Amino acid sequence: MKIIYLGKFNNQHSIEMDVRDELIKMGHKVTSIDDTEFDPDEVIKLANKSDLFLFRTGGVDTSNVSVFHQTLSRLQYVLQGIKTKKVFWFFDKVIGLGNNWMFNVEPLVDAGFLNDETFLRRNHADKLYPLHLGVGSDKIYKGNYRPDIACDIAFDGPIYGTRKVFIDVMRETFGNKFRIFNLNDDKQYADLCASAKIIVSPRFPYDDWFWSEKFYKTLGHGGFLVFPRLDGLRDEGFQDGINCVGYDVYGEMIEIIKWWLDPKNEKAKEGFDVIPQRGMDMVRFNHTYDKKLQFL
């Protein structure tokens with residue numbers, strides 16, 4: 001299949017890069033176009049000579065109201081000019097201007113796939129389907145232990161919104177046992193998963209039917225992950241205490257981490273060996289992008 005893929009290709013660590021690489025490995029011919037700046041007429045021309053036009057947000061900035069309508073009009077022009085199959089995979093949470101994007105774009109495509117299944121459960125649409133993220137099949141590997149980043153508890157990611165409360169709680173409770181990172185490189189993150197005893201995730205902005213690719217990425221690198229309990233993850237086959245460790249509220253999260261870090265806890269020592277391997281196997285066999293793309 002010949003595919004024109006419009007997405008965030010100015011960042012070598014973007015999800016689109018992993019999806020594109022997987023499509024190529026599956027035998028498709030993929031032309032990737034960065035959605036930051038593109039010629040709409042050229043995209044229409046290329047798409048009409050292809051079998052599928054695939055995009056993420058189509059270059060629409062859903063975080064900036066001053067340019068939202070301008071970039072939305074550009075995407076609508078492109079979609080109206082393309083006669084081949086048109087499909088989007090929206091990775092982000094559908095909030096704010098994202099709702100406006102969804103209701104304006106959905107009528108112009110053949111199908112849309114959303115990581116935010118919560119939106120679909122609240123809004124009926126015949127052409128929209130849930131499709132959660134995953135990892136590239138070549139991104140499942142264990143990193144190297146590094147003393148410079150070794151710690152008892154690690155959090156990797158940006159700090160915003162109510163995550164600030166999570167950070168304050170962790171710092172107050174665990175002091176220098178808790179370290180914060182913001183790693184964009186996959187190899188560095190794999191090394192963090194091999195060097196930190198526990199990788200912990202805050203609840204915000206996740207809910208029962210929305211979570212990011214970081215869940216799969218951490219398990220795929222063999223990290224010991226403490227993550228919010230979500231109904232959607234349970235439906236995907238993830239089991240608390242089997243291939244990951246879940247919590248409901250921050251008070252419970254603190255007690256869970258203390259239990260696992262207790263040096264006298266023999267059950268914890270065994271769990272640190274078997275749970276990450278089970279999580280890694282679960283992702284390898286069920287949640288790589290080649291399997292997600294077969295559905296798409």
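Tutor: Start with what pairing means: two strands pair if DSSP finds at least two bridges between them. Keep in mind that this is a predicted model.

Student: Which residue in β6 is the bridge partner of Gly112?

Tutor: The partner of Gly112 in β6 is Leu128. Strand β5 (residues 111–114) and β6 run parallel and are joined by 3 bridges.

Student: In what order do the strands of the open sheet come?

Tutor: In general, strands of a sheet pair through backbone hydrogen bonds, either parallel or antiparallel. Here 6 strands form an open sheet with parallel pairing, and the order is β2-β1-β3-β4-β5-β6. β2 and β6 (128–130) are at the edges with a single partner strand each, so one side of each has no neighbour in the sheet. On average, neighbouring strands are turned by 20° against each other, direction ignored.

Student: What stands opposite Leu52, and what is the bridge partner of Leu54 in β4?

Tutor: Ile3 stands opposite Leu52; strand β1 (residues 2–7) is joined to β3 by 4 bridges, and the two run parallel. The partner of Leu54 in β4 is Val87. From β3 the chain crosses through helix α3 (residues 65–81) to β4, and this β-α-β crossover is right-handed.

Student: Why is helix α1 described as largely enclosed?

Tutor: Helix α1 (residues 15–25) has 8 of its 11 residues buried, so the rest of the structure largely encloses it. Among the buried ones are Ile15, Met17, Val19 and Leu23, and also Glu16 and Arg20. The buried residues of α1 pack against β1, β2 (29–34), β3, β4 and α12 (289–295). After α1 comes Gly27, with a positive phi near 105°.

Student: How many residues are in the largest nonpolar core?

Tutor: In soluble globular proteins, nonpolar side chains tend to be buried together. The largest nonpolar core here has 28 residues, and Phe53, Phe55, Phe88 and Leu114 are among those with the most contacts inside it. Its largest share, 5 residues, comes from α3. A second, separate core of 26 residues includes Ala154, Tyr206, Tyr216 and Leu233.

Terms used:
Residues are numbered from 1 along each chain as its sequence is written. This is a predicted model: local features need pLDDT of at least 70, side-chain atom pairs count only at pLDDT 80 or more; totals for chains, interfaces and linings use all residues. Side-chain values use heavy atoms; hydrogens and water are left out. A crossover is right-handed if, with the strands pointing away from the viewer, the path from the first strand over the helix to the second runs clockwise. Buried means under 20% relative accessible area, exposed over 50%, partly exposed in between (1.4 Å probe, protein chains only). Contact means heavy atoms within 4.5 Å. A nonpolar core is a set of buried Ala, Val, Leu, Ile, Met, Phe, Trp, Tyr and Cys residues joined through side-chain atoms within 4.5 Å. Axes are lines fitted to C-alpha atoms, for helices over the stretch in contact, and angles run from 0 to 180 degrees between N-to-C directions.
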